[in-house]
Amino acid sequence: MILDQVIFLITALVIIIAAILVVSVPKMIHAALWLILALAGIAVLFVLLQASFFAVVQVIVYIGAIAVLVIFAVMLTRKAMQDDGPQLNRYSVLAAAVCLMLFVVLTGMLLSWDGASSLPVNPAVHPDTIINLGESLTNPQGYLLPFEVASILLLAALVGAIFIGREHRAGKEEE
Amino acid sequence: MIPLSWYLILSAALVCVGVFGVISRRNAIAMLLGVELILNAVNINLLAFWRYKDVSHVTGQVFTIMVITAAAAEVAVGLAIFIAVYRNKRTIAAEDVADLKG
Amino acid sequence: MNFLSDPVTFIGNWLTGLVANLGIPKETASAWVTGVAVGILPLLAMLWVLVLIWYERKVIGRLQDRPGPNRVGPFGLIQPVADMLKIFIKEHILPAGIDRIPYNLAPILAVGGVLGMWIVVPFSATVHGVDINVGALYVIAVGAIGTLGIIFAGYSSNNKYALLAAFRVVAQLISYEIPMVLALLVPVLLARSMGMNSIVQAQPVWFILIAPLAALLFFISSIAEVGRSPFDLAEAESEIVAGFNTEYSGLKFGMFYVGEFLHAFTNSLIFTALFLGGWQGPGAEQFPILGFIYFFLKTVVVHFLGIAIRGSMPRFRIDQVMQLNWKLFTPIALAAFSSAALVEKLATNWADAARIGIHFLVNMIILGVVVLIGGRVFRARGIRLDALAQRNRAAVKFSMEKSHDS
């Protein structure tokens, strides 16, 4: 439908512009704010793909937690980078050229693949998608093992982040 | 109707922007933002293929959940490390933390 | 269905018929009518805030043994209108050095985050905004957008105290999302679906009777999420200047204020939909207007409870808030959720009454354990910490006196 295409094009434009601004604005806090816009655009894209659960998870996890964490970290390290100094290192021009070439090559490859112009399967998404997802994540013949490993990964990250980020008060107890 | 190639080209563009961000920024947190862009591009790719190929097969969705989980864990630990480095060296430019170089 | 039993659907159908008679195909006509309804809902919500502000000020006044506003109009009913007029005509003072776009975006996000929650609430058997199948999680997502608005406000104000206050508030908000989500998962588990409509329809027996612990946790966490007393160090109106919205004046501040009141009411709405059976009640299926009235009454009662808590408890410090969350609420939420899941799995084929009884019993056991044993532990530790602080103060005083003498 033409409405879908218009929405997709507008959203894609917003995402790309926000992403380019993320990697090029001099002030870090602005980069974090543009990242929030890019993530929100991607959530809209997930809704277009009829993966509504992932749109909501994207907003909760990425925007509500990761972006907030990035903003906190930028605030805590604000004095380090005087934001008006050079933000790009000396490889930036070469990197830009390489990335552009990479994009051209990838696009060329994608367009020459004959499955690229395929249209979405009809009928639309099965209404029990979330139930299927939940059942496969807790099914021992399904994806139970990656699920449990992911939870251990999160536990390790939690403990590690708290331990590394802690302030060490060892010297102050002797006073 | 939106052909699959549109999603894939958008995802390729995001990957390239993310790679540029990782390679060419001095601030370590900016590199992390580039990595986030790359991971989101991967998610778009996975969900697009899930939707366009076989909707009843949940592998694409499970993989996306794993990518989101890994991204969250990595951001948390990465930022903790950056803050610890900042406390010790008062700098967060990646090129200044080069003690093991050489 | 006639006008009296289901006014909203009746008006909707009449409007659709009107537009379709102009020659427009039926789907487009109903899409337009839906669009009009989507525009009217936030408008009604914002107008409702005027009544809410009056209600709250009157109730808090009576709790504090004073009459509340009673000069502007009979019983002070025109007071919120006077307040709104005053806020509209105040000057927008833009401090120097602010970051323009986040500064202006913050009140929009704070209010938008709350209005977005109204879309998924099922007001009656036939009236709801959108029935998305992840409605319960959507509510949390939209709440996260409100949190973002607060960070924008604190950061862009170019004021270190606003920034620190914003950090405190955001730390509190993201911490309390955890017991809130875990407590919200219990009705999702009991109703086997995340859609708000399905959760309300699965409540011939209200979920508060099945899972009272989860209901209590959700209630307390949602009070903390809004930032109302006793968790209101965000904008502790009598202590720090105004917290993260220090530098806001005029309508922008009005938006934060309205957003907070609306958020409190919206939380009561969500609580009623999740735990008190929403629009369920005698005769609600045949006469949807009755369902709406039941919903409204239940929500007003829950909201009154929130206001009563606000008017009677002293404020928590930020470290107390954090300790409460991580040491008390999160473990209880985990216990409540896992016990609910376990009981559901083990008692799948039992009779309804037996299942509900077992759920209730397990909840009461967990609550009893926490209150009796946990209460003793916390009290003992509190006394020990006080003694430690007293000893430290005495030691500091002693060393100061020694340095004076020598």
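Me: Domain bounds come from an automatic or database domain assignment; how far apart do the C-alpha centres of domain 1 and domain 2 of chain A lie?

Reply: This is a predicted model, in which local features need pLDDT of at least 70 and side-chain atom pairs count only at pLDDT 80 or more, while totals for chains, interfaces and linings use all residues. Residues are numbered from 1 along each chain as its sequence is written, and chains are lettered from A and ligands numbered from 1 in the order in which they are written. Chain A is divided into domain 1 (1–81) and domain 2 (127–165), and the distance between their C-alpha centres is 24 Å.

Me: Which element gives the most residues to the side of chain C that touches chain A?

Reply: With two residues in contact if their C-beta atoms, placed from the backbone, lie within 7 Å, 16 residues of chain C are in contact with 14 residues of chain A. Helices here are DSSP runs (H or I, at least four residues), numbered from the N terminus, and those giving two or more residues to this side of chain C are H5 (135–156) and H6 (160–191). The element that gives the most, with nine residues, is H5(C).

Me: Where does H6(C) bend?

Reply: H6(C) has 32 residues and reaches 46 Å from its first C-alpha to its last, close to the 46 Å expected at 1.5 Å a residue, the expected span being 1.5 Å times one less than the number of residues. The bend at a residue is the angle between axes fitted to the seven residues ending there and the seven starting there. For H6(C) this angle is about 25°, with Pro179(C) following within four residues, and the place is Glu177(C).

Me: Is Ile318(C) buried, exposed or partly exposed?

Reply: Ile318(C) lies in helix H12 (residues 318–346) of chain C, and, leaving aside its neighbours within four places in sequence, is in contact with Arg168(C) and Leu233(C). A residue is buried if 20 or more other C-beta atoms, placed from the backbone, lie within 10 Å of its own, exposed if 12 or fewer, and partly exposed in between. Ile318(C) has 15 other C-beta atoms within 10 Å, so this residue is partly exposed.

How values were computed: Domain bounds come from an automatic or database domain assignment.
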